[in-house]
Amino acid sequence: MLAIPRAIIDKVGNAAPLASLVGIGLSSIGLLGLIYLGKRFPQHTFIGYNKIILGKTIGSLFMIVYLMLSVILIGLDTRQFAEVLVGGLLPNTPIHFSIFFMLLLCAVINYSNVSTFAYIHFFYLPLIILPLLVVILPTFKDIEYYHLLPINGHNLSLNGFMSGVVTMMGGISNYFVISMVIPYLKNPKKNAKGGIWGFFIGTFLVLLLNTVALGAFGDQKILEMMWPTLVLARMVEVPGEIVARIDAIFIISWIFAVFTTLLSYYFIVVRGVAEMINSKNYRFISVGTFLIAFLIALIPSDIYDVYNYLLFLWVGGVIFYILYVILLVVLAKVLRKKGSAV
Amino acid sequence: MNKRVILISLLFSTYFLTGCWDRYELEERANILGLAIDVMDEEAENFTVPEITYKEENIPDEYKEPIIKLTAQLAVPGKIKLGPEGGGGGDGSEKTAWVVQTVGSSLKDAMTNLQQQLAEKLYLGHLQIIVLNEKVAKRGTEDINDFLKREYEVRRTAWMVVSEDKAEEVLQAAPPIETVPALYLSDTLKNSMRFGKLPREHLGRFWLDIEDIGIGGSIPYITVIENDRIMVSGLAYFKGDKMVGHMTPFEIGVYLAMQGKNPGGYAIAVNTDDGGIYIGESSVRRSDIKINVKDGQPSAQLNVEVEVTIEEETKANDLDNKKVKKIEKEMEKSAVEKFEKTINKWKENESDVLGIGARTRAEFPHYWDEQVKTDENWSQIFKEMNIEVNVECQIERAGMEWK
């Protein structure tokens, strides 16, 4: 949420809104695939039906890759979060503590059952969306049309454009959590509506953010910013001057956003591992994940490293996700594999 | 027994759980309200630059000379009186805020030197205004911008201004009606903006403009009046990070009209053949900047529409339909002249404050990517390009007088 505009604009320049749109389009294929699979295997999670479709050995192999990717993402995302805290809010607090407590919180919540997880998301949703809108809406007056044109960018090759698209897809890839919660729903067959709504609200906000950031800053200036969205929040003047600095509110809402994102990944990992090894000992897995993620968060030596790794994983992860989901859908159809009826 | 151990260890842990690492009390901060940056006159003032940040050989050549002098207006809570306190005033800002000075090769260097002299930690979160001496602005503002951008405490809604005289004098000016002088200065600017006398060019916008391709930055140009207030005496405009010239207040009006920024705030005086003198103030401005590239030659057409209210009439008493038409014609003629003169001034200094380059880049990407490419090339093209101005004035109201 903080660095996405820069990452995309770095790749595609002025074409960022277009690339975001295409990215959303392509991601929605993955989403539809997941929803379809969810309907077909209403009692199984991603991990479960992938064993059914691909067979035990191959399925597990892929799942190990998938879960490892998620753990690494948890670690790096936490590190990114902690870097922002140190850089913009709490310069003297040791970074290890921010990482430690964020992960601890995720770990503890994953001890308990799915409804806790769902309620936490439900509770934080408005607290994320409203402040984001408060930041985005007043910035409309700072948008210069000449920052947005030409919408297909300057001297942009198809390759360059696609790498921007993939970056966007990486940024919004945590819709994947839906594949893990479907079997816990009251009515798994009706998951489509909620999933699609959630996906489009979330991605629309990211698209809006990218467009506004580009429109306000232009494709040159934004490359120099560590966290364009944060700068955007600092430039905002609320009409009536009730509060002089919006960015404090914004950072709080951003912390919620990071927290829920991490929680989703964490949920995927804990439930996934539990299902793979046929265990219900979530506590043990949760603590294990915590330790691994904590160590991974400490690997990057500086902030540039963090983003290099993150971008690499985003791109790699996205290609894996989409192709893999399509593969699963096709195989499920061809091999006529089906989950047991509810 | 076991309970006792737990109790003792809990009590003991309070030593370590003292709360925030970033606890940072208000009284321990030296809030910087205003910064002024001057060029040091080495003969008249005997400051020596302490060797803190730079070693002699590390100073970039362009910063060796001149050395900058930093003046900071500090407010230490509990030590200055807050809130209006009748009487006094006009004695210089030393009474209400503390003005300290130091020198350095670049801004961070000077800030470090300043911190070396103070008991409280410098805090930039309340910085309202940064005043640059004209010489500093012409030397280049890269170090100043970079330091302030990197520092997360600085608000992007603060103002940066260029002062014609010594910048320190601006901070020493103390208005009698406000206890925190820097606040008054920034209010002056903020309200000028609201009345349509200044463009919305606070720090955040200014940084955007100087770094964007094909657009020049501009910030207010001010003069100190009677040591207690400031006058917005123009707008300094930049090429890259260096100031290249300044507009007069009337030209700010021209500049704002060209951008179609509202509300209108400047007036124009014209006289007709029969000796009447009329002053009309712009109320609403609309503008349309059209860019065309023909045979690899860009040209621009500015169509500006201004709605005018007659505010004063002397040496005549004959306003009516016909007269109004005549005055409009006169106004348009004189406006076009002034507009062109202003544009020529910008062209001469290669500062594209209107963002014609940025618009060209947006609307004609092929032309830009093939022939212009860089900002440097653009300033050469801008210098030569043809910019046509059309102004349409429309007198809508004339106040409470019929004639």
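User: How many salt bridges are there across the interface of chain A and chain B?
Analyst: Zero by the rule used, in what is a predicted model.

User: What area do chain A and chain B bury between them?
Analyst: About 3,000 Å², with 49% of it on carbon and sulfur atoms. Chain A puts 34 residues into the contact and chain B puts in 30.

User: Which elements of chain A give two or more residues to the side that touches chain B?
Analyst: Helix 4 (56-88), helix 7 (145-148), helix 10 (191-221) and helix 11 (228-235) of chain A. Helix 10 of chain A has the largest share, six residues.

User: What is the make-up of that side by class?
Analyst: On chain A, 14 nonpolar, ten polar and ten charged residues touch chain B.

User: Switching to the open sheet of four strands in chain B. What is the order?
Analyst: The order is 10-11-12-13, and the pairing is mixed. Strand 10 (267-271) and strand 13 (386-397) of chain B are the edges, each pairing on one side only. On average, neighbouring strands are turned by 35° against each other, direction ignored.

User: In which sense do strand 12 and strand 13 of chain B pair?
Analyst: Parallel, over eleven bridges, with strand 12 of chain B covering residues 297-314. B:Glu307 has B:Gln394 in strand 13 of chain B as its bridge partner.

User: Which helix packs on the sheet?
Analyst: Helix 11 (residues 356-363) of chain B, which touches strand 11 (277-294), strand 12 and strand 13 of chain B. The direction of this helix makes about 40° with that of strand 11 of chain B.

Terms used. Residues numbered from 1 in each chain as written. Chains lettered and ligands numbered in written order. Predicted model: local features only at pLDDT ≥ 70, side-chain atom pairs only at ≥ 80, totals over all residues. Heavy atoms only, no water. Contact = heavy atoms within 4.5 Å. Buried area = accessible area lost by both parts, 1.4 Å probe. Salt bridge = Lys/Arg side-chain N within 4 Å of Asp/Glu carboxyl O. Nonpolar A, V, L, I, M, F, W, Y, C, P; charged D, E, K, R; others polar. Pairing = 2+ DSSP bridges. Axes fitted to C-alpha atoms, helices over the stretch in contact; angles between N-to-C directions.
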